[in-house]
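Hi there,

Here is the structure I promised to pass on to you. Please open it in your viewer and keep it beside this message while you read.

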Amino acid sequence: FLSGSAVLLGGEIYSALWLGAFLLLTLAGTWWVNLFNFMDGIDGIAGQQAVMMLVSAMLAIWINGTPLNPLWWMMAAVAMSTLSFLAFNWPPARIFMGDVGSTFLAFMLLCFALVSMPSGWMTLPQWLLLASFFATDATLTLLVRFFRGENVTQAHRSHAYHRLSRRSGGASRVTAAVATFNLVVVMPLSVFLPASPFAAFGI
């Protein structure tokens, strides 16, 4: 009886953990897709972010000695098509991404992360680091607006990149600065992130 009860209780706990993980993943995925859309507010910034994340992930997978599988080639296809788009979206933009483009890129990045992590090709700290600029700006801006009592569902231009764009006289300098930061700081850190979970999450 005790043995059967333990098995039943273990199964219930296991199911509850899976349900909790599913709900957390759904919430995180929804927030990621929405924040990527929020961050597509000046020319080129979302395109460069997607290209940087994909190229960094591809480089990390390749350096780790993982065989170049279909997922890697899918990432390459999305990266190259986004780079081609970025040539026309770089400030001053001649074409624009819009909600459809930003939602698609965010969803694809999420899918690549969800497939690569269980397979051991990438880790959660690596993906968090690659997403850090967008995730930090969008999350902190939402929290600041919430604690100020502002309507968080209302359109606004109070993100850090919005403020920098106004102060620097346009999108070109901000997008170039973010791309440089991602290339010089975020990419090397994510590719050569320490194996220690404590150090990796710390970074």
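First, the ground rules. This is a predicted model, in which local features need pLDDT of at least 70 and side-chain atom pairs count only at pLDDT 80 or more, while totals for chains, interfaces and linings use all residues. Residues are numbered from 1 along each chain as its sequence is written, and side-chain values use heavy atoms, with hydrogens and water left out.

**Overall fold**

The protein chain has nine helices and zero strands (DSSP runs numbered from the N terminus: H or I of at least four residues for helices, E of at least two for strands). Its pattern along the sequence is therefore written α-α-α-α-α-α-α-α-α. The C-alpha trace spans about 75 × 50 × 30 Å along its principal axes.

**Pockets**

The largest pocket has a volume of about 600 Å³. The search ran on a 1 Å grid over the protein atoms alone: a pocket is an open set of points with protein on both sides within 12 Å along at least five of seven lines, whereas a cavity is a set where a 1.4 Å probe fits but cannot get out, and lining residues have an atom within 4 Å of a point. Grid points are joined across faces, edges and corners, and the volume is the space filled by probe spheres set on the points.

Twenty residues line the largest pocket, and those closest to its centre are Ala-28, Leu-110, Met-117, Leu-124 and Leu-128. The elements that each give two or more residues to this lining are α1 (2–39), α4 (98–116), α5 (124–130) and α6 (132–147). Helix α1 supplies the largest share, eight residues. By class, the lining has 18 nonpolar, two polar and no charged residues (nonpolar: Ala, Val, Leu, Ile, Met, Phe, Trp, Tyr, Cys and Pro; charged: Asp, Glu, Lys and Arg; polar: the others, Gly among them).

The second largest pocket holds about 410 Å³ of space. Of its 18 lining residues, Phe-38, Gln-154, Ala-155, His-156 and His-159 lie nearest the centre. Two or more residues each come from α1, α6 and α7 (160–168), with the largest share, four residues, from α6. This lining divides into seven nonpolar, eight polar and three charged residues.

**Helix packing**

Helix α2 (residues 45–63) and α4 pack at about 15 degrees, with their axes 11 Å apart (axes are lines fitted to C-alpha atoms, for helices over the stretch in contact, and angles run from 0 to 180 degrees between N-to-C directions). That makes α2 roughly parallel to α4 (under 35 degrees; over 145 is roughly antiparallel, 65 to 115 roughly perpendicular and the rest oblique). The crossing of α2 and α4 is left-handed (the near helix is turned anticlockwise from the far one by less than a right angle; clockwise is right-handed). Ala-50, Met-53 and Leu-54 of α2 make the contact with Leu-105, Leu-109 and Phe-112 of α4 (heavy atoms within 4.5 Å). The residues of this contact are six nonpolar, no polar and no charged.

Helices α7 and α8 (residues 171–191) pack at about 130 degrees, with axes 7 Å apart. That makes α7 oblique to α8, and the crossing is right-handed. Here Tyr-161, Leu-164, Ser-165 and Ser-168 in α7 meet Ala-171, Arg-173 and Val-174 in α8.

**One backbone detail**

A cis peptide bond joins Pro-91 and Pro-92, with omega about -5 degrees. Pro-92 sits in the loop between α3 (70–89) and α4.

Best wishes
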